[in-house]
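Start with the model itself.

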Amino acid sequence: MNRQPRKIFLTLWRCLKLKCPACGRASIIERPLTIKSRCTSCPTIFKREEGFFVGAIMVNVVATEVLILIIYITLLLVTDLGERARLIIVFAVGISFPLLFYHHSWALWLGLDHLIEGLPRESRRQ
């Protein structure tokens with residue numbers, strides 16, 4: 001695991017910009033709700049084996065649950081909205097946030113994988 005603070009910050013910054021965590025040059029997005037299978041600038045592979053995407057789903061679910069909890073508690077403590085209104089707001093966030101956060105959850109998962117064990121690279125054929 002690479003624990004240099006500069007490397008961690010740089011990788012997370014690349015993830016926020018939806019760039020390759022290894023080189024930072026190419027986007028990880030192919031089209032809306034689709035991640036490229038590999039980087040177009042370096043030989044890094046984004047999608048490896050079946051089931052690798054489960055980590056990105058986990059990041060998305062955990063982020064959504066934390067956001068819903070924060071919003072609900074904030075609405076409960078700060079506003080005088082009724083329970084029905086609070087639930088409608090939380091439901092709307094619960095439906096929209098995972099879709100909006102999809103690419104970033106993939107980027108964070110790729111970044112974490114890159115920091116922990118390094119993303120695999122495509123072998124060059126000669």
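In this predicted model, Phe52 is in contact with Phe46, Trp106, Trp109, Leu110 and Asp113, leaving aside neighbours within four places in sequence. Phe52 sits in the loop between strand 2 (34–35) and helix 2 (53–78). Its relative accessibility is 7%, under the 20% cut-off, so Phe52 counts as buried. Phe52 and Trp109 are 57 residues apart along the chain, and 9.5 Å separates their C-alpha atoms.

Next, the core. The largest nonpolar core has 17 residues. Those with the most contacts inside it are Cys20, Ile28, Cys39, Cys42, Phe46, Trp106 and Leu110. Helix 4 gives the most to this core, with 3 residues. Nonpolar side chains tend to be buried together in soluble globular proteins.

Cys20 has its own set of contacts. With neighbours within four places in sequence left aside, Cys20 touches Arg14, Ala26, Ile28, Cys39, Cys42, Thr44 and Phe46.

Now the helix pair. The axes of helix 1 and helix 4 come within 8 Å and cross at roughly 155 degrees. That angle is over 145 degrees, so the two helices are roughly antiparallel to each other. Their crossing is right-handed. The residues that meet are tabulated here.

| Helix | Residue range | Residues in the contact |
|---|---|---|
| Helix 1 | residues 5–16 | Lys7, Ile8, Thr11, Leu12, Cys15, Leu16 |
| Helix 4 | residues 102–116 | His104, Ala107, Leu108, Gly111, His114, Leu115 |

The residues of this contact of helix 1 with helix 4 divide into 7 nonpolar, 4 polar and 1 charged.

Definitions and conventions:
Residues numbered from 1 in each chain as written. Predicted model: local features only at pLDDT ≥ 70, side-chain atom pairs only at ≥ 80, totals over all residues. Heavy atoms only, no water. Axes fitted to C-alpha atoms, helices over the stretch in contact; angles between N-to-C directions. Helix = DSSP H or I, 4+ residues; strand = E, 2+ residues; numbered from the N terminus. Parallel < 35°, antiparallel > 145°, perpendicular 65-115°, else oblique. Left-handed = near helix turned anticlockwise from the far one by under 90°. Contact = heavy atoms within 4.5 Å. Nonpolar A, V, L, I, M, F, W, Y, C, P; charged D, E, K, R; others polar. Core = buried A, V, L, I, M, F, W, Y, C linked by side-chain atoms within 4.5 Å. Buried < 20%, exposed > 50% of the residue type's maximum accessible area, 1.4 Å probe, protein only.
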